[in-house]
Amino acid sequence: MEVVTASPEETEALAARLAAGLAPGDVIAVSGELGAGKTTFVRGAARALGFAGTVSSPTFTIGHRYEAPTPVAHLDLYRITGLDSEEWGDLEPYFDGTVAFVEWPEHGGDWLPAARATVTLEHVDESHRRVRITSEDDLGL
Ligand code: ADP
Ligand code: MG
């Protein structure tokens, strides 16, 4: 599916609709250039999964784990230039029992578990973003 959202709130609401069809073990790849709305999308999904705290970009750490009725992992691989097995060993726990959202999944190479859905965000203008969600599953969107 593909939609154009007109505000961060609309992007969060779309993410909440996706979240309704997710369960622990699911990995969601979230792609798009800086400022496209990846973290905004993850924020909407994490809230919908029951996390009431702050969802901010994990740019200075690799990831956050948000404890909620459905635990949520939020990774940002922007700074990763190629994983080895040791680095993957540090990341793997984030995927354990969580719905995991991965920004810059392209930087994870072949180490990342297969994504259940891929979200791609693109700038249209200052307040609009084109959001594509693809999945082999019917996620009820
Ligand atoms: P990224 O994680 O892709 O770098 P962020 O989600 O951190 O992007 O930032 C997106 C920025 O764009 C925020 O400042 C947000 O308020 C703004 N924005 C404007 N319109 C939208 C929209 N329709 N959807 C998402 N974010 C939007
Ligand atoms: Mg981000």
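This is a predicted model: local features need pLDDT of at least 70, side-chain atom pairs count only at pLDDT 80 or more; totals for chains, interfaces and linings use all residues.
D84 is found in the loop between β4 (72-76) and α3 (85-91), with helices (H or I, at least four residues) and strands (E, at least two) taken as DSSP runs numbered from the N terminus.

Together with E86, E87 and D90, D84 forms a patch of negative charge on the surface. Such patches join like charges within 9 Å among residues that have over 30% relative accessible area and no salt bridge, a salt bridge being a side-chain nitrogen of Lys or Arg within 4 Å of a carboxyl oxygen of Asp or Glu.

## The magnesium site

The magnesium ion (ligand 2) has T39 (OG1) and E103 (OE) as its protein donors, at 2.2 to 2.3 Å; donors are N, O and S atoms within 2.8 Å of the metal (3.2 Å for Na, K and Ca), and sites may look incomplete because water is not among the atoms. T39 lies in helix α2 (residues 38-48) and E103 in strand β5 (residues 99-103), so the pair ties together parts that are 64 residues apart in sequence.

T39 counts as buried at 14% relative accessibility, and E103 is buried as well, with a relative accessible area of 3%.

## The loop at A114

A114 lies in the loop between β5 and β6 (117-123) and counts as exposed, at 72% relative accessibility. From A114 to S127 the separation is 13 residues in sequence and 31 Å in space, C-alpha to C-alpha.

## Conventions

Residues are numbered from 1 along each chain as its sequence is written, while chains are lettered from A and ligands numbered from 1 in the order in which they are written. Local features need pLDDT of at least 70, side-chain atom pairs count only at pLDDT 80 or more, and totals for chains, interfaces and linings use all residues, while side-chain values use heavy atoms, leaving out hydrogens and water.

Note on methods
Patches are made of residues with over 30% relative accessible area and no salt bridge: like charges are joined within 9 Å, nonpolar side chains (Val, Leu, Ile, Met, Phe, Trp, Tyr) within 5 Å. Accessible areas come from the Shrake-Rupley method with a 1.4 Å probe; for residues, only the protein chains shown count as cover. Lys and Arg count as positive and Asp and Glu as negative; His and the chain ends are not counted. The place of a charge is taken as NZ of Lys, CZ of Arg, CG of Asp or CD of Glu. Buried means under 20% relative accessible area, exposed over 50%, partly exposed in between (1.4 Å probe, protein chains only).
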